[in-house]
Amino acid sequence: KERIKCLKLSDDGIADLNIYGDKVRLSEIVLNIISNSVKYTEPGGHIDVCLKKVPCEDPERLALKSSSIGKGITYRELNAYSASIYACLKEKGVGRDDNIVAVLPRDCHLIVAAIAVWKAGACITLVENTYAKERIEFIKRDSKAALVIDYEMFMEMLKHEPLYGHEHPDEHDACFIVYTSGSTGNPKGVL
C-alpha cells in the first residue's frame with residue numbers, strides 16, 4: 001500500500017497527509033512517523049530506518065509542502081535542513097534523555113525540527129507559537145526542556161554546516177511528548 005506521497009499543511013491548520021485519504025492533525029503526523037507509518041519504515045523498525053532510507057531512495061521527491069514555503073521541500077532539502085539543526089544540537093550537547101521544546105509555527109518548521117531532534121537521539125515537545133504565553137511557559141517548565149527552539153533560533157540553526165547521520169535510538173528512548181489541551185486546568189504531558 002502506498003502511504004505517504006506528500007504532506008500538505010493547509011492554512012486552517014489541518015494537515016493533508018496521504019495516508020488512506022484521511023485528514024490528520026500535526027501531532028498525528030508525528031505519531032504516524034514514529035509508529036512505522038512512513039512508507040520506508042520496516043515493520044518493527046526504528047525511526048533511524050526512515051532517516052537512512054528516505055533521502056537516498058528519491059531525494060528530489062516532494063516531502064513537505066506548506067503555503068509558508070511556496071514550492072515545498074524535497075527529501076534532499078529536508079535531510080539537509082534537519083542535518084544543519086542536528087549539527088547545532090550536537091554542538092550544544094543535546095542527546096539522549098534530553099527534551100527539546102520547539103515553539104514554532106504550525107508548518108514544515110515543526111517537522112524539520114522534530115526530525116533534527118530525533119537525529120540527535122532526543123525527545124521533542126511540539127508547541128505551536130500561537131499558544132498563550134502562560135501555556136508555553138508551563139509546558140517548558142513541566143517538560144524540563146533542555147533547550148527551547150523558537151523561530152529565530154530555528155533560522156539561525158539552519159546556517160550551520162550540515163552534519164549527516166544520526167544517533168541510534170534504543171527502543172525505550174522517549175521521542176515525543178504531547179500535551180493535552182488543559183481544558184480542566186493545566187495541560188498534562190503524555191510521553
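Modeller: Let's start with a term: a residue is buried when its relative accessible area is under 20%, exposed when that area is over 50%, and partly exposed in between, using a 1.4 Å probe and protein chains only. Keep in mind that this is a predicted model, where local features need pLDDT of at least 70 and side-chain atom pairs count only at pLDDT 80 or more, while totals for chains, interfaces and linings use all residues. Residues are numbered from 1 along each chain as its sequence is written, and side-chain values use heavy atoms, with hydrogens and water left out.

Helices (H or I, at least four residues) and strands (E, at least two) are DSSP runs, numbered from the N terminus.

Now for your loop: I've picked the one between α5 and β8 (147-150), where Lys 144 lies. Lys 144 is exposed, with a relative accessible area of 68%. Its phi is near 55°, a positive value in a residue other than glycine. Most residues other than glycine have a negative phi. Ser 143 is found in that loop between α5 and β8 as well, but this one counts as buried, at 10% relative accessibility.

What does Ser 143 touch, leaving out residues up to four places away in sequence? With contact meaning heavy atoms within 4.5 Å, the list is Asn 99, Val 101, Thr 125, Ile 177 and Tyr 179. With Asn 99 there is a polar contact of 3.1 Å between the side chains. A polar contact is a pair of N or O atoms within 3.5 Å; within protein, one must be able to donate a hydrogen and the other to accept it, and residues adjacent in sequence count only if both atoms are side-chain atoms.

Thr 125 stands opposite Ile 177 in β9. Strand β7 (residues 123-128) and β9 run parallel, joined by two bridges; two strands pair if DSSP finds at least two bridges between them. Strand β9 has a pairing with β10 (residues 189-190) over two bridges, and that one is antiparallel. There, Val 178 stands opposite Val 190 in β10.

Back to α5 (residues 133-142), which holds Glu 137 and Lys 140, three residues apart, or about one turn of the helix. An α-helix has 3.6 residues a turn, so residues three or four places apart point the same way. The side chains of Glu 137 and Lys 140 meet in a salt bridge, 2.9 Å from N to O. A salt bridge here is a side-chain nitrogen of Lys or Arg within 4 Å of a carboxyl oxygen of Asp or Glu. Glu 137 is partly exposed at 30% relative accessibility, and Lys 140 is partly exposed at 23%.

How many salt bridges does the structure hold? There are five. One of them joins Glu 167 to Lys 90, with the closest N and O atoms 2.8 Å apart. That pair links distant parts of the chain, since Glu 167 sits in the loop between α6 (151-157) and β9 (176-179) and Lys 90 in helix α3 (residues 75-91), 77 residues apart. Glu 167 is partly exposed at 27%, while Lys 90 is partly exposed at 35%. Another salt bridge connects Arg 96 and Asp 173, at 2.9 Å between the closest N and O atoms. Here Arg 96 is in the loop between α3 and β6 (99-104), and Asp 173 is in the loop between α6 and β9.

Let's look at α3 itself. Of its 17 residues, 13 are buried, so the helix is largely enclosed by the rest of the structure. From first C-alpha to last, α3 reaches 24 Å, close to the 24 Å expected at 1.5 Å a residue; that expected span is 1.5 Å times one less than the number of residues. Just after α3, Gly 93 takes a positive phi of about 80°. Asp 97 is exposed, at 77% relative accessibility.
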